[in-house]
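My entries are given below in the order in which I made them.

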Amino acid sequence: SDLPPSTLPAAAGWGLFLDLDGTLCGYRDDPADVALTPRLRALLARLAARLDGAVCILSGRSAADLQRLLDGLPLPQVAEHGGAGIAELDAGYRVQLDAVEAALREIAAANPGTWVERKPSSCVLHYRAAAGRAECLRTAVMPLLPAHPALRLLQGVFVYEFAARGRDKGTALTAQMQRAPFAGRVPVAVGDDVTDEDAFAAAAALQGFGVAVGPRVSASARFGLADADAVEEWIAGLVGDGHASR
Ligand SMILES: [Mg+2]
């Protein structure tokens with residue numbers, strides 16, 4: 001697909017929405033091993049300064065995880081695909097999420113190489129170390145959906161994640177765009193996973209665009225970048241710090 005614009009527009013500045021795993025950082029076997037390099041931290045800080053702070057990290061990770069990863073980098077953050085907070089607010093949702101968590105733990109116990117991550121408002125079955133069993137695991141988790149109508153299933157990179165129905169990266173992007181410093185800007189969403197398609201579509205609906213990262217064919221992104229390294233070089237170019245100064 002086409003490469004995204006390599007310079008920031010002079011007028012109608014961008015509001016940038018960046019996924020983290022697979023977009024700013026490559027995947028690791030253990031998500032806890034992922035870290036931002038010092039160069040990327042510096043580039044993101046410079047980019048945020050150029051865009052008057054309109055650079056948002058839009059991730060499926062929990063808020064606590066994002067805080068740890070960003071480690072003081074002053075960027076707005078949206079955690080859990082925009083679903084953060086719902087379990088605290090809605091007791092009925094929490095009951096359904098707890099039941100799904102219990103069921104996923106039984107599935108994980110029966111399937112070596114899988115493990116369960118409970119986030120405040122969602123629950124994930126990770127299967128990176130059991131990738132060959134993806135279809136079998138999908139068959140095991142699908143029956144949980146009809147019994148728990150407040151939840152939907154996100155099928156991401158080696159994850160099956162149960163999260164709040166009606167909350168996704170698209171609704172989160174749209175909400176952020178109502179507020180400073182994003183209001184009045186052109187939304188640009190960058191991400192690698194199927195869950196980023198909602199953000200691409202929401203950005204396009206607001207006269208912006210999506211940038212799909214990696215080999216996955218995107219339905220809604222106008223542009224593409226090869227991998228996390230290409231994203232880093234793209235950001236470096238935007239802030240005027242290309243290969244030469246690396
Ligand atoms: Mg990602």
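**Entry 1: conventions.** I note that this is a predicted model, in which local features need pLDDT of at least 70, side-chain atom pairs count only at pLDDT 80 or more, and totals for chains, interfaces and linings use all residues. Residues are numbered from 1 along each chain as its sequence is written, and side-chain values use heavy atoms, with hydrogens and water left out. Helices (H or I, at least four residues) and strands (E, at least two) are DSSP runs, numbered from the N terminus.

**Entry 2: the parallel sheet.** I looked up the strand order and found an open sheet of 6 strands, E3-E2-E1-E8-E9-E10, with parallel pairing. Two strands pair if DSSP finds at least two bridges between them. Strand E3 (77-78) and strand E10 (223-225) each have a single partner strand, so one side of each is left without a neighbour in the sheet.

I then followed E1 to its two partners. E1 pairs with E8 in the parallel sense over 5 bridges, and Trp14 stands opposite Val186 in E8. E1 and E2 also run parallel, joined by 3 bridges; Leu18 has Ile57 of E2 as its bridge partner.

Is E1 enclosed or open to the outside? I found 5 of the 5 residues of E1 buried, so the strand is largely enclosed by the rest of the structure. Buried means under 20% relative accessible area, exposed over 50%, and partly exposed in between (1.4 Å probe, protein chains only). Trp14, Leu16 and Leu18 are buried on one side of E1, and Gly15 and Phe17 on the other.

H8 lies across E2, E8 and strand E9 (209-213) and runs at about 165° to E8. H9 packs on the sheet, touching E1, E8, E9 and E10, and its direction makes about 155° with that of E1. Contact means heavy atoms within 4.5 Å. Axes are lines fitted to C-alpha atoms, for helices over the stretch in contact, and angles run from 0 to 180 degrees between N-to-C directions.

**Entry 3: helix H1.** I checked the length of H1 (residues 38-50): at 1.5 Å a residue its 13 residues should span 18 Å, and the end C-alpha atoms are 19 Å apart, which agrees. The expected span is 1.5 Å times one less than the number of residues.

Which residues of H1 are buried? They are Arg39, Leu40, Leu43, Leu44, Leu47 and Ala48. An α-helix has 3.6 residues a turn, so residues three or four places apart point the same way. The cover over the buried residues of H1 includes strand E1 (14-18), strand E2 (55-58) and helix H9 (228-238). On the face turned away from the buried side I found the exposed residues Pro38 and Ala49. Just after H1, Asp52 takes a positive phi of about 50°.

**Entry 4: the metal site.** Which protein atoms are donors of the magnesium ion? I found Asp19 (OD), Asp21 (O) and Asp192 (OD), lying 2.1 Å from the ion. Donors are N, O and S atoms within 2.8 Å of the metal (3.2 Å for Na, K and Ca); water is not among the atoms, so sites may look incomplete.

Thr195 is buried, with a relative accessible area of 9%. Leaving aside neighbours within four places in sequence, Thr195 is in contact with His81, Leu154 and Lys169.

**Entry 5: the antiparallel sheet.** I recorded an open sheet of 4 strands in the order E4-E5-E7-E6, with antiparallel pairing. Strand E4 (115-118) and strand E6 (151-156) are the edge strands.
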